[in-house]
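Trainee: Hi! Could you walk me through this structure?
Mentor: Happy to. Have a look at it here, and ask away.

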Amino acid sequence: MSDATTSQVTALGAALQSVPRSGWHAATVAAVHRETPNASRLELDVDGWPGNAAGQHLDVRLTAPDGYTATRSYSIASSGSSTRVVLAVDKLPDGEVSPYLVDDVRAGDMLEVHGPLGAFFVWAPAAQTGDRRPVQLIAGGSGVVPLFAMASAHAEADDPTPFRLLYSVRTPDDVYFSEELRGLSDASAPLRLDFVYTRRTPDGWPAPAGRITREALEAAVIPAADRPRVYVCGSTGFVELVADWLVGLGHDPRSVRTERYGGT
Amino acid sequence: MEHVDGNAIAGPLAEFFAFDVTTATGRCVGCGSIAELARAMVYRSGAGTVVRCSTCDTVLATLVESGDRAWIGLRGMSAIEVRRAPSAG
């Protein structure tokens with residue numbers, strides 16, 4: 001056997017033994033907008049993206065010139081069959097990936113993305129699932145991203161399922177998808193919006209700024225007696241507080257789906 | 001670093017399983033509780049990822065990634081149940 005043939009066989013063996021890293025795609029940044037003072041909205045054109053359900057996420061991998069890689073998960077704000085994927089990324093002060101995505105990335109830049117990921121924290125229209133129970137969405141800060149995808153899919157499908165979104169946010173300036181949310185609440189698919197402002201309220205707001213309370217939660221969510229499906233997304237502390245209160249208010253733990261993104 | 005939950009490991013787990021395993025239910029060897037992997041608590045660090053039962057904190061699984069290799073340990077799950085798509089026949 002010649003040396004050339006040996007090396008070909010060796011290469012083939014290596015290829016068969018290694019597991020292909022399926023689901024990774026090259027993404028081109030199509031547009032970047034400032035979403036809030038601390039967050040950017042990124043529109044990505046993802047080569048080979050198979051489409052995604054509302055609520056799914058993707059992993060973004062950045063590789064430094066020396067080969068060091070950092071991978072982080074981001075919820076997807078869009079859904080459907082399009083290869084245009086929308087993210088809204090909050091900048092973490094000591095983050096390795098988010099400061100780059102929020103402040104530095106420009107249209108035309110390339111990213112590696114893995115997805116769509118996760119089939120647990122997803123919503124699909126009643127026409128597909130047959131589930132006509134009402135849906136309560138509860139967001140803490142940037143946790144609104146996958147819930148916005150669900151509310152948009154609900155409006156897009158003109159789905160008759162009652163939807164309600166409770167959004168806890170620092171100040172009116174920190175609201176993600178502010179205009180789009182107003183548009184969704186005016187759409188024919190039913191969506192009711194409730195806000196809790198934790199640091200500063202709009203002028204004339206009836207309640208002082210402050211963390212959500214059990215009483216405020218109870219007043220702003222679909223009652224347990226109506227057996228809603230509940231999706232909660234936010235920081236780990238927010239999600240665990242809210243999920244415990246929901247169970248205490250009589251919600252079935254199996255009907256409460258949670259997604260924690262870690263620290264604030 | 002604060003923990004997250006099983007949703008966050010859908011990507012790393014996609015290297016081991018041909019389907020989204022975060023919706024599969026696992027039975028904890030510590031307390032016997034059965035829950036979707038998405039509901040487990042996940043502790044990530046530079047060394048790797050530890051997946052713990054949300055009921056009793058038993059270590060369900062460990063994940064380590066290093067360059068061109070990845071390992072998974074499933075020491076804390078005595079059974080995993082997956083939902084199959086309805087068969088055409």
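Trainee: What share of the contacts in chain B with a separation of 6 or more comes from residues 24 or more positions apart?
Mentor: That share is 47%. Keep in mind as we chat that this is a predicted model.

Trainee: Okay! How many helices and strands does chain B have?
Mentor: Chain B has one helix and eight strands. Following the sequence, the pattern reads β-α-β-β-β-β-β-β-β.

Trainee: Which strands form the open sheet in chain B, and in what order?
Mentor: Five strands do, in the order S1-S4-S5-S6-S7, with antiparallel pairing.

Trainee: And which strands stand at the edges?
Mentor: In chain B, those are S1 and strand S7 (69-73). Each has a single partner strand, so one side of each has no neighbour in the sheet.

Trainee: Can we zoom in on one pair? How many bridges join S5 to S6 in chain B?
Mentor: Four bridges join strand S5 (residues 48-52) of chain B to strand S6 (residues 59-66) of chain B, and the two run antiparallel.

Trainee: What about the overall shape? Which radius of gyration does chain B have?
Mentor: Chain B has 13 Å. A compact globule with 89 residues would be near 12 Å, so the value for chain B agrees with that. The C-alpha atoms of chain B fill a box of roughly 45 × 35 × 20 Å along the principal axes. Buried residues account for 34% of the 89 residues in chain B.

Trainee: Now chain A. Which domains does the assignment give?
Mentor: For chain A, the assignment gives domain 1 (24-117) and domain 2 (126-260). The C-alpha centres of these two domains lie 24 Å apart. Their contact takes 13 residues from domain 1 of chain A and eleven residues from domain 2 of chain A.

Trainee: Which elements give two or more residues to the domain 1 side?
Mentor: Strand S1 (24-36) and strand S5 (84-90) of chain A do. The side of domain 1 that touches domain 2 in chain A has six nonpolar, five polar and two charged residues.

Trainee: One more spot: strand S10 of chain A. Why is it largely enclosed by the rest of the structure?
Mentor: Strand S10 (residues 229-234) of chain A is largely enclosed because six of its six residues are buried. Arg229(A), Tyr231(A) and Cys233(A) point one way from S10(A), while Val230(A), Val232(A) and Gly234(A) point the other way.

Trainee: Which strands is S10(A) joined to by bridges?
Mentor: One is strand S7 (residues 135-140) of chain A, which runs parallel to S10(A) and is joined to it by five bridges. There, Val135(A) has Arg229(A) as its bridge partner. Another is strand S11 (residues 256-260) of chain A, also parallel and also joined to S10(A) by five bridges. In that pairing, Val232(A) stands opposite Thr258(A).

Trainee: And what do S10(A), helix H7 and S11(A) make together?
Mentor: With helix H7 (residues 236-248) of chain A, S10(A) and S11(A) make a right-handed β-α-β unit.

How values were computed. Residues numbered from 1 in each chain as written. Chains lettered and ligands numbered in written order. Predicted model: local features only at pLDDT ≥ 70, side-chain atom pairs only at ≥ 80, totals over all residues. Domains from an automatic or database assignment. Contact = placed C-beta atoms within 7 Å. Nonpolar A, V, L, I, M, F, W, Y, C, P; charged D, E, K, R; others polar. Pairing = 2+ DSSP bridges. Rg over C-alpha atoms; globule rule 2.2 N^0.38 Å. Buried ≥ 20, exposed ≤ 12 C-beta atoms within 10 Å, placed from the backbone. Right-handed = clockwise from strand over helix to strand, strands pointing away.
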